[in-house]
Amino acid sequence: MAVYNPKSLKAEEFINHEEILETLEYAEKNKNNAELIDSILEKARPKKTETGTVCAGLTHREASVLLACEIPEKTEKIYEIAEEIKLAFYGNRIVIFAPLYLSNYCVNGCVYCPYHLKNKRIPRKKLTQEEVKAEVIALQDMGHKRLAIEAGEDPVNNPIEYILECIKTIYSVHHKNGDIRRVNVNIAATTVENYRKLKDAGIGTYILFQETYHKDSYLKLHPTGPKHDYAYHTEAMDRAMQGGIDDVGLGVLFGLELYKYEFAGLIMHAEHLEAVHGVGPHTISVPRIKKADDIDPTAFDNSISDEIFAKITACIRLAVPYTGMIISTRETEDVRTKLLRLGVSQVSGGSRTSVGGYTQQERPHDTEQFDVSDRRTLDDVVAWLMENGHIPSFCTACYREGRTGDRFMTLCKNGQILNCCHPNALMTLTEYLVDYASDRTKEIGYKMIEAELKRIPKEKVRKIAEENIKDIRNSNRRDFRF
Ligand code: SAM
């Protein structure tokens, strides 16, 4: 039997089944233990120190107790602290991105995904470089600066060389004042050598969803294809880090397995990365399973309510306070509005989840990976964020300035967000407003920028930001950053 060891590089030791079962038992036993819950909440709360605000985070056991807790007032406290942490480390900024589907060829048999090999109902499509260009121009014309590229796993149709070529094409397109400044990559687990190639191609975050941490379920849900190998998939982030990628993004596909099990596994995975590589995950995504071509989400009996989903999000925020959290258009506007208060720091907007979807007038469904719930345009999403008090940010400065991995975390921990990320958000929002926004969005946006500039603590930084914003409004100069 594998023994739990967060420092091990073996999947079954750092995501240890027995440790998860014991954690769930401990959480169940203590779910009404008010005294213990209070002490965990106190630990999670941000604390002011001489060098800035710090947050201790929580262990997977502590966080699991909060997730199991059934005392309504304590749950309210969890939500309160989640918002406090979000504001302390990320401010009121929300980073915006869009997915770009390159290819739906796939040799895997994932039972929840319409791209599975045996699905003969969907047309298979892979973008040519000319089509990648056209998609990127369409995305730039919406105002996007940051993409997450997505592809099925197929060593013949989508080899690493194809992915690298697409990345090169994406970075090479400069249409009007547009450019894509950060390409995150969500492709199947691969080798250290390939991760190094992705790093050299200038990617931002490498994202790979675990789908489920429960090994037996994992094997059943991925019955065929290379993804069937649980250890290879679970150990992918270690290989990515060995390949030099220090921003990695975790995620669970909620609905496949019992959420409490997944939650404990997810936090253990974050602890493992911190223990081995000295830096936790850059982001955590919280996708829920959705309807798609031949996929019926009700066939999976672990679906979770919006309330539980909100609680999971808040508990992740408390457990890993410095990690960005991503919510996609799988969720509705209502759910997204609620989650934004509980610690989410990135959202996608105007997304199409089909191969070639951005260049088509009508939203195509035949190659869609999942049904999009939030179908608003990017302009609507930007306006909605501002109306809810969030600053939409198109910033991509950190990794371009070498602030990745622990260097980004240091910035976050030192509370330098207001002197760095905040002005960057305002400058990139100005770019968006000048180049792409509707009149209504412009009006809301300029008001917000004026008010937010006053919140920059360092006078020198504020002055530079004001000058740059003037420049963006009055000229074609773009891409200022701290
Ligand atoms: N093929 C790559 C892999 O296997 O990791 C990555 C890309 S896949 C296009 C992106 C993610 O979409 C998957 O990791 C999965 O979690 C999610 N997904 C698949 N089917 C889904 C569905 N029916 N509803 C919601 N999300 C789904």
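I start with a definition: buried means under 20% relative accessible area, exposed means over 50%, and partly exposed is in between, with a 1.4 Å probe and protein chains only. This is a predicted model, in which local features need pLDDT of at least 70 and side-chain atom pairs count only at pLDDT 80 or more, while totals for chains, interfaces and linings use all residues. Residues are numbered from 1 along each chain as its sequence is written, and side-chain values use heavy atoms, with hydrogens and water left out.

So, is Ser-348 buried or exposed? Ser-348 counts as buried because its relative accessibility is 2%. Ser-348 belongs to strand 10, residues 346-348. Helices (H or I, at least four residues) and strands (E, at least two) are DSSP runs, numbered from the N terminus. A polar atom of the Ser-348 side chain is 3.3 Å from the backbone nitrogen of Thr-329. For a polar contact, I mean a pair of N or O atoms within 3.5 Å; within protein, one must be able to donate a hydrogen and the other to accept it, and residues adjacent in sequence count only if both atoms are side-chain atoms.

Asp-374 is buried, at a relative accessible area of 2%. What does its side chain contact? The Asp-374 side chain makes a polar contact of 3.0 Å with the side chain of Arg-336.

Next is helix 15 itself. Of its 10 residues, 8 are buried, so helix 15 is largely enclosed by the rest of the structure. The buried residues are Leu-378, Asp-379, Val-381, Val-382, Ala-383, Trp-384, Leu-385 and Met-386. Gly-389 follows helix 15 and has a positive phi, near 85°.

The expected span is 1.5 Å times one less than the number of residues. Gly-278 follows helix 12, with a positive phi near 75°.

Helix 2, residues 17-29, also has a span close to the expected one: its 13 residues reach 18 Å, against 18 Å expected. Which residues of helix 2 are buried? They are Glu-19, Ile-20, Thr-23 and Ala-27. These residues are on the same side of helix 2 because they cover an arc of only 100° around the axis. The arc is taken over the directions from the helix axis to the C-beta atoms. As background, an α-helix has 3.6 residues a turn, so residues three or four places apart point the same way. Glu-25 and Lys-29 are exposed on the other side of helix 2.

Now the ligand. It is surrounded by 18 residues, and the closest are Tyr-112, Ala-151, Glu-211, Lys-227 and Lys-290. The shell divides into 9 nonpolar, 3 polar and 6 charged residues. Here Ala, Val, Leu, Ile, Met, Phe, Trp, Tyr, Cys and Pro count as nonpolar, Asp, Glu, Lys and Arg as charged, and the others, Gly among them, as polar.

Which backbones come up against a ligand nitrogen? A polar backbone atom of Tyr-112 is 2.9 Å from a nitrogen atom of the ligand. For Ala-151, the distance from a polar backbone atom to a ligand nitrogen is 3.0 Å, and for Lys-290 it is 2.9 Å. The protein covers 97% of the 570 Å² of accessible area that the ligand has on its own. Those areas come from the Shrake-Rupley method with a 1.4 Å probe; for residues, only the protein chains shown count as cover.

One of the closest residues, Glu-211, has a phi near 70°, which is a positive value in a residue other than glycine. Glu-211 is in the loop between strand 6 (206-207) and helix 9 (215-221), and it is buried, with a relative accessible area of 8%.

Asp-479 is not a glycine either, and its phi is positive, about 65°. Asp-479 lies in the segment after helix 20 (459-474) and is partly exposed, with a relative accessible area of 24%.

Key: A residue is near a molecule or strand if one of its heavy atoms lies within 4 Å of it.
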